[in-house]
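Hi,

Here is the structure I promised to pass on. Have a look, and my notes follow below.

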Amino acid sequence: MKKRIICFGLGEIYETFLDLYDDSKAEITALSDNDPAKWTQPGVIEPSKIKELGFDHIVITSAYFREIKEQLCGYGIGESCILNFYDVYKNLIVKRGHAVLDLLKDNVPVSHEYKQELRELKCIGEKNLFLNARIHAGAVRDKRLRSLEEAEFQVYSQFGEDGIIQWLIHNVAIESRTFIEFGVEDYTEANTRFLLMNDNWTGLVMDGSEANMRRLNSWEHLWKYDLTAAAAFITKDNINRLILDAGFEGDVGILSIDLDGNDWWILNAIECVTPRILICEYNNIFGEEKKVTVPYDAGFVRTEKHYSNLYWGCSIAAFRGWAQENGYYYMGSNSAGNNAFFVRKDCMEPEKVPADADVFVESRYRESRDEMGNLTYLKGTDRLKCIRAMEVFEIGNGCTDTIANIYHI
């Protein structure tokens, strides 16, 4: 009978686990992670819901075994069913020349060479993923797109941004193969990581967490790439100095902004670089017409501003207004409806702008929360109603008012 397992932790260790586990002996019935952004993905549940499910084991596929084990025990889950991936790793057996995991086999010693085989298997899986991505990118490279969705694929991006970026860099005249991205957490999931590894661009990434940047700087393959990683809480007063101090100035290939807060204000403050491709995360619930943003607050933290996690950033219209004033084409958004793409007009022919670039894509992900931090899965206008008492800044008239008054709700 198959063991029912839940994997906790959806990063690189989980990907390695997938390469190894024996699905004839064990069935992954659910996934979980402490990153709220992942809770909207199919099959992923928030940790507090795990106890409600039936399972034989929880396999912690994360480097933070001790902390997560304590967290799970705090939910009332017994220690005996909580397994560390590195302990499960001791159950490796060889099947048809490859190492696999057999959760029904106990206390099988592991020799040193299995660790090397694990790395090799992970490398093979990554190479296959890259190969498939390159095949797709090559198939649409010269295609006239109706929408950016046609180019989408995901390797390291949250949604389909990897594919969109590949299409853009082959249709936009780029002299400096450099990128800047901020709000990257530990860079496990980011818009530019595939670009770094597949196309060997030079980049600067920043995040407000020193722990995230330490993890990135300890990445075993970092030596292969020209990547600068800096920990900094970004404000409109320090952004130019941060970029200049990292050695970036003038013409750059890509700028990607994902701060979940002062994004519009920071974009307007940047003077030291001029990106040819601009990627901005926008707050879809603000709709397609209103040019609004959260009022500037140098210490803005999304999770602290409103319990719902819905109050942050600016509307797509706010970014489109900036683009129009600064000489950029609006290329459209990804199919998830959270990232907008712009191209500097002197770098691309206008006929390459997708025909449906102006079509507004309403987001389908449901990340709202209640006062206790539990997902409430609000959608449509209910999301905006949840934060109706909060204030936004109207860019057109320079006034600040409540969402209730501006949106008449």
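Predicted model: local features only at pLDDT ≥ 70, side-chain atom pairs only at ≥ 80, totals over all residues.

How much space lies in the largest cavity? About 70 Å³. Residues are numbered from 1 along each chain as its sequence is written, and side-chain values use heavy atoms, with hydrogens and water left out.

Searching the whole structure turned up 2 cavities of 30 Å³ or more. A cavity here is a set of points on a 1 Å grid over the protein atoms alone where a 1.4 Å probe fits but cannot get out, and lining residues have an atom within 4 Å of a point. Points are joined across faces, edges and corners, and the volume is the space filled by probe spheres set on them.

The lining of the largest cavity includes Trp312, Tyr365, Arg366 and Glu367. The second largest cavity comes to about 40 Å³, and is lined by Glu288, Ile316, Arg320, Tyr330, Ala357, Asp358, Val359 and Phe360.

I also looked at cysteine 280, which sits in strand E12 (residues 273–281); strands are DSSP runs of E, at least two residues, numbered from the N terminus. Cysteine 280 is buried, at 0% relative accessible area (buried means under 20%, with a 1.4 Å probe and protein chains only). Beyond neighbours within four places in sequence, cysteine 280 is in contact (heavy atoms within 4.5 Å) with residues including Ile257, Phe319 and Asn339.

Cheers

How values were computed
Helix = DSSP H or I, 4+ residues; strand = E, 2+ residues; numbered from the N terminus. Buried < 20%, exposed > 50% of the residue type's maximum accessible area, 1.4 Å probe, protein only. 1 Å grid on protein atoms, 1.4 Å probe; cavity = no way out; pocket = protein on both sides within 12 Å on 5 of 7 lines; lining within 4 Å.
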